[in-house]
Amino acid sequence: ASSSDWSAGNEAPSESTAAEIAGSLTSLRIQTVLFNPADGEVERLVRGLGNAVRVAKAHGRLGYVHLAMGDCSAASSLNEELLEGFRSSARNDGIDELSFEWFDANLGSAGGHNRLFDGFDEPFVLIFNPDAFASPHLLLELELPLWDKRVGIVEARQVPLEHPKDFDPNSGDTSWASTAAALIRREVIDTIGGFDAEAFFLYCDDVDFSWRARLAGFRVVHQPAARIFHDKRLSTEGRMIVSDAEVYYAAEAALMLAWKYSHPELAQRLLRGFSHSPLKLQRKAAKYFRGRMGGG
């Protein structure tokens, strides 16, 4: 995809404008939140991001890079020896700084990223899942839609399983961006704040964030040429393999999203369905939601 593919009904950028976007990622922060990472997961994460950084810098499209890692695990996932090894590997690939913070609390995805936002002053931030692997051209492709200053969030395509949602095949405009891999302008965070960690612990925080960005006038764009491998799998029967956390927090987040955006009929319909679900975790989510309603 080239920058001319993203006109969204407007004039495509001139050659001089297209040239100006080269190197527009003058400074980039990459954020990821860990929770009991699997063996080799952090190593894979750093290696993939390092590939993408190295390629983008080789093309002159990227400046200073800070990889910030937060840890919601009960005990720190990384010791100093491991950290120093990751820092050495990251430096070899052009990642200028790698920081690590153990939160000593499970803040969830939304709360963890909000904590990492403290003190952040780079013009762009890439929110990235720890169980994802970046393609080498990820940053080059994510940058392309930014020629339009109204584009506030650019998301990557996930393989092998993508979220079932609509996007405009010409402009890339979509209703929401998954923060499995999403490049965000600093102005978006300055305008709308961080993630709503009070409402969303793990899921739908990115949906809410995208909707608030769009309400503030920013475009949210799906960039299918920017790809990540997201470690989601199917069973031999073709069903998605989900964890208990996914079952519970997906139900909780669906209820909270419907309620927050003034759709009480949908919230009540979901609540009835989850309350009578054969899945204990969905019934638990329904009970939690009724408790929050009762508490105002």
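This is a predicted model: local features need pLDDT of at least 70, side-chain atom pairs count only at pLDDT 80 or more; totals for chains, interfaces and linings use all residues.
Local features need pLDDT of at least 70 and side-chain atom pairs pLDDT 80 or more, while totals for chains, interfaces and linings use all residues. Residues are numbered from 1 along each chain as its sequence is written, and side-chain values use heavy atoms, with hydrogens and water left out.

Q: How many of the five residues of strand E7 are buried?
A: Strands are DSSP runs (E, at least two residues), numbered from the N terminus. Buried means under 20% relative accessible area, exposed over 50%, and partly exposed in between (1.4 Å probe, protein chains only). In E7, Ala-181, Leu-183 and Arg-185 cover one side and Ala-182 and Ile-184 the other. E7 (residues 181-185) is largely enclosed by the rest of the structure because the number buried is five of the five.

Q: Which residue stands opposite Leu-183 in E7?
A: Two strands pair if DSSP finds at least two bridges between them. Strand E6 (residues 151-159) pairs with E7 in the antiparallel sense over three bridges. Opposite Leu-183 stands Val-154.

Q: With which side chain does the side chain of His-222 make a polar contact?
A: His-222 lies in strand E8 (residues 219-230) and is buried because its relative accessibility is 4%. A polar contact is a pair of N or O atoms within 3.5 Å; within protein, one must be able to donate a hydrogen and the other to accept it, and residues adjacent in sequence count only if both atoms are side-chain atoms. At 2.8 Å, the partner is Glu-155.

Q: Is Met-240 buried or partly exposed?
A: Met-240 sits in the loop between E8 and helix H8 (244-260). Its relative accessible area is 48%, so Met-240 is partly exposed.

Methods. Helices (H or I, at least four residues) and strands (E, at least two) are DSSP runs, numbered from the N terminus.
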